[in-house]
Amino acid sequence: MGDEEQVSRAVVSCPNCGKVEVPTEGMIIHEADMTYEFTCPECNTNVFKRANRSIVKALRMAGAREEERVKKPVVEPEYKGDAPLLTLDDIIALHFELEDDEAIKGWIG
Ligand SMILES: [Zn+2]
C-alpha cells in the first residue's frame, strides 16, 4: 500500500492553486534573502516566499536544499495588518515546534 518512504512534505500556498503539498527536498532556501522557493506541483510555477530564521531552520531540518546564488525574489505581500509575516501554516505538515514566536515578531516589528 504505497511507499512508506519518509518524505517530508510541506503544505505551502501557490498563488494559482492555493494549498499544495511539496516535498521539502524540492524546496530551496535562500538564506541570504530570507526567502525560500518551491515549484508548484500543480502548475509548475516557481514560487518565492518570505522566510525567517525559524522557517529556514525548519526547512533545513526537513531536507530542503540551500541556494547561495542570489536571485531576485518575488515575494507576495500575503500578510495583512497584524498577521505574522509568514504564517506557519505554510509548513504545517512539518509539525515542527517552532517556539520562537518572538523571533518571528521581530521580523515584522
Ligand atoms: Zn500552482
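Biologist: Where is the place of M34, in which loop?

Modeller: M34 sits in the loop between β3 (28–30) and β4 (35–39), where strands (E, at least two residues) and helices (H or I, at least four residues) are DSSP runs numbered from the N terminus. This is a predicted model, in which local features need pLDDT of at least 70, side-chain atom pairs count only at pLDDT 80 or more, and totals for chains, interfaces and linings use all residues. Residues are numbered from 1 along each chain as its sequence is written.

Biologist: What is phi of M34?

Modeller: Phi of M34 is near 55 degrees, a positive value in a residue other than glycine. Most residues other than glycine have a negative phi.

Biologist: And which other residue has a positive phi although it is not a glycine?

Modeller: That is N44, with a phi of about 65 degrees, and it lies in the turn of the hairpin that β4 and β5 form with six residues between them.

Biologist: Is N44 buried or exposed?

Modeller: N44 is exposed, because 9 other C-beta atoms lie within 10 Å, whereas M34 is partly exposed, with 19. A residue is buried if 20 or more other C-beta atoms lie within 10 Å of its own, exposed if 12 or fewer, and partly exposed in between, with C-beta atoms placed from the backbone.

Biologist: In which sense do β4 and β5 pair?

Modeller: They pair in the antiparallel sense over five bridges, where pairing requires that DSSP finds at least two bridges between the two strands. The bridge partner of Y36 in β5 is K49.

Biologist: New topic: which residues touch the most other members of the largest nonpolar core?

Modeller: Of its 15 residues, V22, M27, Y36, F38, L59 and A64 do, a nonpolar core being a set of buried Ala, Val, Leu, Ile, Met, Phe, Trp, Tyr and Cys residues joined through C-beta atoms within 7 Å. The helix α1 gives the most to this core, with three residues.

Biologist: What does L59 touch?

Modeller: Not counting residues up to four places away in sequence, L59 touches T24, M27, I29, Y36 and A64, with contact meaning that the C-beta atoms, placed from the backbone, lie within 7 Å.

Biologist: And what pattern does the chain follow?

Modeller: Read along the sequence, the pattern is β-β-β-β-β-α-β-α, which comes to two helices and six strands.

Definitions and conventions. Contact = placed C-beta atoms within 7 Å.
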